[in-house]
Amino acid sequence: QLQLVESGGGLVEPGGSLRLSCVVSGFTLASFSTGWFRQAPGKEREWVSCISKQDGSPHYADSVKGRFTILRDTFKNTVYLQMNSLKPVDTGVYYCAATAGGRYCSEYVPSEYDYWGQGTQVTVSS
């Protein structure tokens, strides 16, 4: 019954904004660290952002700091990724994921996340 479903991807021009949503079911957000990853064609999956279960603190990859914001709504069991000032290099399939591990979420590699969504395509192009 554990499920994560992403939505909100699409085609945007450079400098534009997009908000991704990840609706989770089967568990409560407070019990898991949740994060976002992305994968561009021909490249490995890359960590983008996460929010730790310990204190709800957000963490960001250097490449998106100042442009992306991760949010969670525990009442809706939804995690959001607000993406501003988008660049072509942000293009890729974005995945949300969750882990019950006790370390801060930024310390985990993709293989250490327990649950994954199906992904949503983000394309930044003129």
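Which residues form one aromatic cluster in this structure? Good morning. I shall answer that directly, noting that the model before you is predicted. The cluster consists of Phe37, Tyr95, Tyr108, Tyr113 and Trp116.

Let me begin with the aromatic pairs. A pair of aromatic rings is described by the distance of the centres and the angle of the planes. In this model, the count of such pairs comes to eight. One of them joins Tyr95 and Trp116. Their ring centres are 6.4 Å apart, and the planes make an angle of 80°. This pair is edge-to-face, because an angle over 60 degrees places it in that class. The pair also links distant parts of the chain. Tyr95 belongs to strand 9, residues 92–99, while Trp116 belongs to strand 10, residues 115–116, and the two lie 21 residues apart.

Are these two residues buried or exposed? Tyr95 has a relative accessibility of 14%, so it counts as buried, the limit being under 20%. Trp116, at 26%, is partly exposed.

Next, please find Arg45. This residue lies over the face of Tyr95, at 3.9 Å from the ring centre. The charged end of Arg45 also sits over the ring of Trp116, at 4.8 Å from its centre.

Finally, I turn to the nonpolar core. The largest one has 33 residues. Among those with the most contacts inside it are Leu20, Trp36, Phe68 and Tyr113. Several strands give two or more residues to this core, including strand 3 (18–25), strand 4 (33–39), strand 9 and strand 11 (120–124). Thank you.

Notes. Residues are numbered from 1 along each chain as its sequence is written. This is a predicted model: local features need pLDDT of at least 70, side-chain atom pairs count only at pLDDT 80 or more; totals for chains, interfaces and linings use all residues. Side-chain values use heavy atoms; hydrogens and water are left out. Rings of Phe, Tyr and Trp (its six-membered ring) pair if their centres lie within 6.5 Å; planes under 30 degrees apart count as stacked, over 60 as edge-to-face and the rest as tilted. Helices (H or I, at least four residues) and strands (E, at least two) are DSSP runs, numbered from the N terminus. Buried means under 20% relative accessible area, exposed over 50%, partly exposed in between (1.4 Å probe, protein chains only). A charge sits over a ring if NZ of Lys or CZ of Arg is within 6 Å of the ring centre and within 35 degrees of the ring normal. A nonpolar core is a set of buried Ala, Val, Leu, Ile, Met, Phe, Trp, Tyr and Cys residues joined through side-chain atoms within 4.5 Å.
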